[in-house]
Amino acid sequence: MQQQEMNSVRLDELRGEPVVDSAGEKIGKVEEIYYDPETRAPEWIGIGTGFLTAKRVLVPVEGAQVTGDGLMVAYSRDHVKDGPDVDENEITYEREAELNAHYGITRSTGPSTGAATDEDQALTRSEEEIEVGTRQVDAGTARLRKWVETEPVSLDVQLRREVATVTRERIDQPVGDHDFAEETVDVPLHAEKPVVQKQTVAKERIGVQKDVRTDTQTVRDEVRKEHVEVEGDVDGSQ
């Protein structure tokens, strides 16, 4: 747990931060910082504890440290809880004496005031500011789908076939004694017929590639602004 000395941070930036005791047990949240009206040195930390309704207890600035989780004071939770509560914006002599006695502090007693502001009374004017960011959402799906279709195909093929042709050749040659008998000669004839053979051939590779396009969209909203109007006898030169 990283710690910083109190003199290295601006105490007025700690409002709303959690406060824990010396053992790390949560006490409440920082509500106010009380300063010495003469030296403007911070003296007390006002803590909203929730022990009682709207009760605010005070803890000395001495010994307090800023941690990564908020503010750690040098006293136990029970000790802080039993201290005198302060509802007003200024600590009186009597109330500061009670606080000093409760925490065993020896110093001169004087009124302390809350908020490190100038002596002049002032109002803080605030405005809302709008910030626009982006987040990723689903914008649809790109899908590749493959299906099968059957298409008729017509191809011409030349087929050869053997055809028997009768030939006659005249011969005049004595054959001597000849036994006349019936005789048959078979001549095989051949022909070609179409043979279909199919094979699968990869023709094309089809894929989907994602690109990023930037579009401009106008976001419209409303912001609130505080305005301060000065009334009464006010020196306009200020």
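The following questions and answers concern side-chain contacts and surface features of a predicted model.

In this predicted model, local features need pLDDT of at least 70 and side-chain atom pairs count only at pLDDT 80 or more, whereas totals for chains, interfaces and linings use all residues. Residues are numbered from 1 along each chain as its sequence is written, and side-chain values use heavy atoms, with hydrogens and water left out.

Reader: What is the angle between the planes of Trp-44 and Tyr-103?
Author: Rings of Phe, Tyr and Trp (its six-membered ring) pair if their centres lie within 6.5 Å; planes under 30 degrees apart count as stacked, over 60 as edge-to-face and the rest as tilted. The centres of Trp-44 and Tyr-103 are 6.2 Å apart. The pair is tilted, and the angle between its planes is 45°.

Reader: How many residues apart in sequence are the parts that Trp-44 and Tyr-103 tie together?
Author: Helices (H or I, at least four residues) and strands (E, at least two) are DSSP runs, numbered from the N terminus. Trp-44 lies in strand S4 (residues 42–48) and Tyr-103 in helix H2 (residues 93–103), so the pair ties together parts whose separation in sequence is 59 residues.

Reader: Is Trp-44 buried or exposed?
Author: Buried means under 20% relative accessible area, exposed over 50%, and partly exposed in between (1.4 Å probe, protein chains only). The relative accessibility of Trp-44 is 0%, so Trp-44 counts as buried.

Reader: Which residue forms a salt bridge with Arg-15?
Author: A salt bridge is a side-chain nitrogen of Lys or Arg within 4 Å of a carboxyl oxygen of Asp or Glu. For Arg-15, the closest N and O atoms of the pair are 2.6 Å apart, and the partner is Glu-32. Arg-15 lies in the loop between strand S1 (3–5) and S2 and its partner in strand S3, so the pair ties together parts 17 residues apart in sequence.

Reader: What is the nearest side chain of opposite charge to Asp-21?
Author: Lys and Arg count as positive and Asp and Glu as negative; His and the chain ends are not counted. Asp-21 lies in the loop between strand S2 (18–20) and strand S3 (26–35). Asp-21 is buried yet has no salt bridge; at 6.2 Å, the nearest side chain of opposite charge is Arg-77.

Reader: Which residue forms a salt bridge with Arg-77?
Author: Arg-77 is partly exposed, with a relative accessible area of 24%. The closest N and O atoms of the pair are 3.9 Å apart, and the partner of Arg-77 is Glu-25.
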